[in-house]
Amino acid sequence: FESVRTISLAVTLDQMLKTPKLAIFSALSRKAWEHSLHVAAIARVLARRIGHINADEAMLAALVRDIGVFYLLYRAASHTEYRDNESLLMELLKGWHVSIGQNLLQVLGLPERIVQAIHPPQDLINTEDPCNLHDLLYFANLLADNEMPWDEQQLIEQDEAIREADRARYADLLEEAGEDIRELYTALSA
């Protein structure tokens, strides 16, 4: 069931990206989608490696992690102030994408653990191993190493050191995830 749900949501998101209404934000929405695919492939491989988190569920959670961004881009395309002002658009995405995304996932009937997993970590904790879906998404996003503008946070030096240590802990996973990343791109992107 999770695999079917994952594919259905991925196809829906991919089709939404192709709507003429999103053409004004096509570069940004395409970059966000590619990032989601990359994070999803890494999440799947990481879940398989650690063994106690369902790999399909991890992939689904990563794919829908930025669903609020896509919805907000779609809505912002109708408003001149967002089309003409990138900094205003980024403020909208930074301020609302998580809560909008969580609401959309609840309406879609996704499990609460997925809804809560998309919330970014408030404080960086040097977690040795991901122990839940939320932690796993943190590591997968970190390993994707391509943060999106709405994810930007003012990091203090200590936080950056923690992030680098966390990234180094699973750096070898990227080579292992390479084939999964290619397969996922082929299966879910146009």
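**Starting from Asp151**

Author: Asp151 sits in the loop between H8 and H9. Helices (H or I, at least four residues) and strands (E, at least two) are DSSP runs, numbered from the N terminus. This is a predicted model, where local features need pLDDT of at least 70, side-chain atom pairs count only at pLDDT 80 or more, and totals for chains, interfaces and linings use all residues. Residues are numbered from 1 along each chain as its sequence is written, and side-chain values use heavy atoms, with hydrogens and water left out.

Reader: Is Asp151 buried or exposed?
Author: Asp151 has 10% relative accessibility, so it counts as buried. Buried means under 20% relative accessible area, exposed over 50%, and partly exposed in between (1.4 Å probe, protein chains only).

Reader: Which residues is Asp151 in contact with, leaving aside neighbours within four places in sequence?
Author: Those are Arg65, His97 and Asn141, where contact means heavy atoms within 4.5 Å. Asp151 and His97 are 54 residues apart in sequence, and their C-alpha atoms are 9.7 Å apart in space.

Reader: Switching to cavities, how many are there of 30 Å³ or more?
Author: The count is 1. The search uses a 1 Å grid over the protein atoms alone, and a cavity is a set of points where a 1.4 Å probe fits but cannot get out; lining residues have an atom within 4 Å of a point. Grid points are joined across faces, edges and corners, and a volume is the space filled by probe spheres set on the points. The largest cavity holds about 30 Å³ of space.

Reader: And which residues line the largest cavity?
Author: Asp151 turns up again, along with Arg65, Asp66, His97, Val98, Ile118, His119 and Pro120. That lining divides into 3 nonpolar, 2 polar and 3 charged residues. Here Ala, Val, Leu, Ile, Met, Phe, Trp, Tyr, Cys and Pro count as nonpolar, Asp, Glu, Lys and Arg as charged, and the others, Gly among them, as polar.

Reader: What about the fold, how many helices and strands?
Author: The protein chain has 10 helices and 0 strands. Of its 190 residues, 48% are buried.

Reader: How many residues are in the largest nonpolar core?
Author: There are 57, and Ile42, Leu73, Leu89, Leu93, Leu105, Ile114 and Trp150 have the most contacts inside that core. H2 gives the largest share, 12 residues. A nonpolar core is a set of buried Ala, Val, Leu, Ile, Met, Phe, Trp, Tyr and Cys residues joined through side-chain atoms within 4.5 Å.

Reader: Why is H4 largely enclosed?
Author: Because 7 of the 10 residues of H4 (residues 67–76) are buried, the rest of the structure largely encloses this helix. Phe70 and Leu73 are among the buried ones.

Reader: Last topic, how many aromatic pairs?
Author: The structure has 3. Rings of Phe, Tyr and Trp (its six-membered ring) pair if their centres lie within 6.5 Å; planes under 30 degrees apart count as stacked, over 60 as edge-to-face and the rest as tilted. Trp33 and Phe70 make an edge-to-face pair, 6.3 Å centre to centre with 75 degrees between the planes. This pair links distant parts of the chain, with Trp33 in helix H2 and Phe70 in helix H4, 37 residues apart. Trp33 and Phe70 are both buried.

How values were computed: 1 Å grid on protein atoms, 1.4 Å probe; cavity = no way out; pocket = protein on both sides within 12 Å on 5 of 7 lines; lining within 4 Å.
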